[in-house]
Amino acid sequence: MTSVANGFDLQGHRGARGLMPENTLPGFAAALGIGVTTLELDLAVSGDGEVVVSHNPRLEPALARDASGEWLQQSSSAINSMSLATVKSYDVGRLNPSHKYARRYPEQEAIDGTSAPTLGEVFDLVNKSGNQSVRFNIEVKIDPEHPSVTLSPKAFVAAVIEVVRGYRMEGRVMLQSFDWRVLHEVQQLAPEI
């Protein structure tokens, strides 16, 4: 049975991005620590099929440094063209101070050496925290106008469902997307979600 919010639902958008690096394990831990009832996050899938937490299908100059510690000058290659090891070689633990996006979150704590987590790592974090009630508002990020930067809706949803079921989180997960094909696939593959 699906868990339904009672009353006010306090969502940690991308974790706790006003306080900690967004879409990172420290950000999700901070959100849990302040008592959110739902963790909101976005997904991509790496070239080797790992479901990765990322707001965009590419790593962006406002948020990422390469393995040598240099800020990206442009968007990275699509995450679906990189191995998980390559995705994790980028540091997303600090906002780029020269980027206007950083001015929106002046109180965000920097945690250098932080990489993008997998969805499984987020579920592991929550399980280790002992929180058995927090829900997950997960966006499957697909842009029909740029199909080459993500998997097809069917393959993307199948990869996400495999992780969700592997952690037995079906009753705590809501999947959303701006692409209606994703929602259709979710209903086909996992009508319990």
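**Exercise 1. Are F123 and F136 buried or exposed?**

Solution. Start with the conventions. This is a predicted model: local features need pLDDT of at least 70, side-chain atom pairs count only at pLDDT 80 or more, and totals for chains, interfaces and linings use all residues. Residues are numbered from 1 along each chain as its sequence is written, and side-chain values use heavy atoms, with hydrogens and water left out.

Step 1. Apply the cut-offs: buried means under 20% relative accessible area, exposed over 50%, partly exposed in between (1.4 Å probe, protein chains only). F123 and F136 are both buried.

Step 2. Look for ring pairs. Rings of Phe, Tyr and Trp (its six-membered ring) pair if their centres lie within 6.5 Å; planes under 30 degrees apart are stacked, over 60 edge-to-face, the rest tilted. The count is 3 aromatic pairs. The ring centres of F123 and F136 are 4.9 Å apart and the planes stand at 75°, so this pair is edge-to-face.

Step 3. Helices (H or I, at least four residues) and strands (E, at least two) are DSSP runs, numbered from the N terminus. F123 is in helix α4 and F136 in strand β4, so the pair ties together parts 13 residues apart in sequence.

Step 4. Ring pairs link F123, F136 and Y167 into a cluster.

**Exercise 2. Describe the largest nonpolar core and the contacts of L119.**

Solution. Step 1. Define the set. A nonpolar core consists of buried Ala, Val, Leu, Ile, Met, Phe, Trp, Tyr and Cys residues joined through side-chain atoms within 4.5 Å.

Step 1. The largest core has 36 residues, and L39, L41, L119 and F136 touch the most other members.

Step 2. Assign the suppliers. Elements giving at least two residues each include α1 (25–33), β2 (38–45), α4 (119–129) and β4 (135–140). The largest share, 7 residues, comes from α5.

Step 3. List the contacts (heavy atoms within 4.5 Å). Residues up to four places away in sequence are not counted; L119 then touches L41, L43, V51, V53, I138, V160, V163 and V164.

Step 4. Check for another core. A second, separate one has 12 residues, including I79, V87, Y90 and V92.

**Exercise 3. Which residues of α6 are buried, and which are exposed on the other side?**

Solution. Step 1. V182, E185 and V186 are buried in α6. They cover an arc of only 105° around the axis, which puts them on the same side of α6. The arc is that of the directions from the helix axis to the C-beta atoms.

Step 1. Find the cover. The buried residues of α6 are covered by elements including β4, α5 and β5.
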